[in-house]
Every structure is written in structure tokens, then in C-alpha cells.
Amino acid sequence: MTTNSASLRRSLLPLVLDVAVPVGSYYVFRNGLGMSTVAALGWSSAVPAVRTGWSVIRGRTVNAMAALILVVNVAGVLLSFVAGDARLMLVKDSGVSSVVGIGVLVSVRFGRPMMTEGMKPFLLRGDAERVAAWERLVSGSPRFQRAERTFSVVWGVVLLGECVARIVGVYVLSVDTMVWLGTVMMVGAMVLGVLVGGALAVEPMKLMLRAEVARQREGGSEASDAGSQAGFDTKRGGAVAHRVQMDVVAG
């Protein structure tokens, strides 16, 4: 229970830092401290930008996705401060979704689906048999490969759709409304990606992995039975030969 709770907290922490804190801090800066809309949006964007930058520094490796999000965030904030346009600052978030969505679709085109790394831990769960089954299927099963690509395609399309919806909302609705509604759109897109991607890709892949593990177990069991039978036949043949030899000597 303690392990599960700790894992849940680690999973939810990025969501809180990237979603709840920026939205809450915007209204604190805007309504509580009396900042302008542009200044409130700028300061509320600082937490996710700092967190992404810190993850790059702490890991001492440049993660392409994290670096991309960091660059888009920083560029959007700086550009918005120069232009003094609050709506442009909100469009920046759409830019993140669109760039990531396009990147995911391009990765599928080049045969390296970007979303696979996020899906594999859920399917494999550190199980050695599943890992081995994954390697066999991903290299030899066209149906499994198609499902893997489908998962990334779903997420790419969902992210691009969320980008379009958010841009329309930014220029149709008020800034105060889009601060929280944009977050709702993002969460809704994530839920849609999970549900559609799960139905079209994750569940079929899970069944294929389960069948492959079972097939491998049955193959290993048959090999073991065959080996045992061969050993038994060898021993029985040796015993028969020994009896024949004894009969010859006695005769």
C-alpha cells in the first residue's frame, strides 16, 4: 500500500506542478496581487518552465521532448512580454501541443513511434517473460507493429486537435476563461488519448503479449517433457541391454 501511494504521488506531482500550480498562481497574481494579465500569465508559466529545465540539468542528459517544451515555453513567454499580448501567451501552450503532436506523427513516419516509451512500462511491468515476448513481437509481428504505430498516431492527432481547439478558444473567449478552460481542454485531450489509444492499441497489444507468453511457456514445457521422455527411454534402453548381456553370460 505504501509503495502504491508513493508511486501515485510521483505520477501526480508533474501534473500538479504543470497544471494546478500555474492555474492557481495566475488567479493569485491577477486577482490577489493586482498584476496585469500579461504579468500574471508570465509568472504563472515560470513553474513548469523551471521544472522542465531542472529535469534536464538533474538528469545530465538532453531529453528531446523536455528540451522542446522548455524552448517553446521560454520563447512564448519572452515573445508575449515583448508584444504585450496576453492572448499570445495563451497560444504558446497550443504551440507546445502542436509541436509535440507533429513530432509524434513524424516519429511514426520514420518507424520510431515516440509514444512507445510511455506505453511499454504499463504493458511489461518489469516482467522478464513479457519483455522477451515484446522483443519477439515487435520484430516479427506486423499486427503488433501496426498497433504500436496506432498508439502514437492517436496521440499525435489528439494533440493537434487540442491545439486547434485551444487557439479558437483563445480568440473567441476571454483570457480569464481560457486560463482554466485551456487546462480542461488539455486534461480532456489526455483522457481521450488514453481511452482511444487504449481501445485501438494497448488492449490488442496486451492480448498479443499474453498469448505470446503462453505460447512460449507451452513450447518450453513441451521441450522439457520431450527431454524427460528421451532420458527415460535412454535409461530403459540401457536396462534392457544390461539384461540381455546378463542372459548371454548366464547362457
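Which residues of helix 6 (residues 116-124) are buried? They are T116, M119, K120, L123 and L124. The legends below show where they sit.

This is a predicted model, in which local features need pLDDT of at least 70, side-chain atom pairs count only at pLDDT 80 or more, and totals for chains, interfaces and linings use all residues. Residues are numbered from 1 along each chain as its sequence is written, and side-chain values use heavy atoms, with hydrogens and water left out.

**View 1. The protein chain as a whole.** The chain holds 9 helices and 0 strands. Helices (H or I, at least four residues) and strands (E, at least two) are DSSP runs, numbered from the N terminus. Of the 251 residues, 33% are buried. Buried means under 20% relative accessible area, exposed over 50%, and partly exposed in between (1.4 Å probe, protein chains only). Among contacts with a separation of 6 or more, 69% join residues 24 or more positions apart. A contact means heavy atoms within 4.5 Å.

View 2. T116, M119, K120, L123 and L124 are buried. Seen down the axis, these buried residues fall within an arc of 115°, so they line one face of helix 6. The arc is that of the directions from the helix axis to the C-beta atoms. G118 and P121 are exposed on the other side. R125 follows helix 6 and has a positive phi, near 55°.

**View 3. Helix 7 and its cap.** D127 caps the N-terminal end of helix 7. One of its side-chain oxygens lies 3.1 Å from the backbone nitrogen of E129. A133, W134 and L137 are buried in helix 7. They cover an arc of only 105° around the axis, which puts them on the same side of the helix. The face turned away from that buried side carries exposed A128, S139 and G140.

**View 4. The length of helix 7.** Helix 7 has 13 residues (residues 128-140) and should span 18 Å at 1.5 Å a residue. The expected span is 1.5 Å times one less than the number of residues. The end C-alpha atoms of helix 7 are 18 Å apart, which agrees.

**View 5. Helix 6 against helix 7.** The two axes come within 9 Å and cross at roughly 135°. Axes are lines fitted to C-alpha atoms, for helices over the stretch in contact, and angles run from 0 to 180 degrees between N-to-C directions. Helix 6 and helix 7 are therefore oblique to each other. Angles under 35 degrees count as roughly parallel, over 145 as roughly antiparallel, 65 to 115 as roughly perpendicular, and the rest as oblique. Helix 6 makes the contact through T116, M119, K120, L123 and L124. Helix 7 contributes R130, V131, W134 and E135.

Notes. A polar contact is a pair of N or O atoms within 3.5 Å; within protein, one must be able to donate a hydrogen and the other to accept it, and residues adjacent in sequence count only if both atoms are side-chain atoms.
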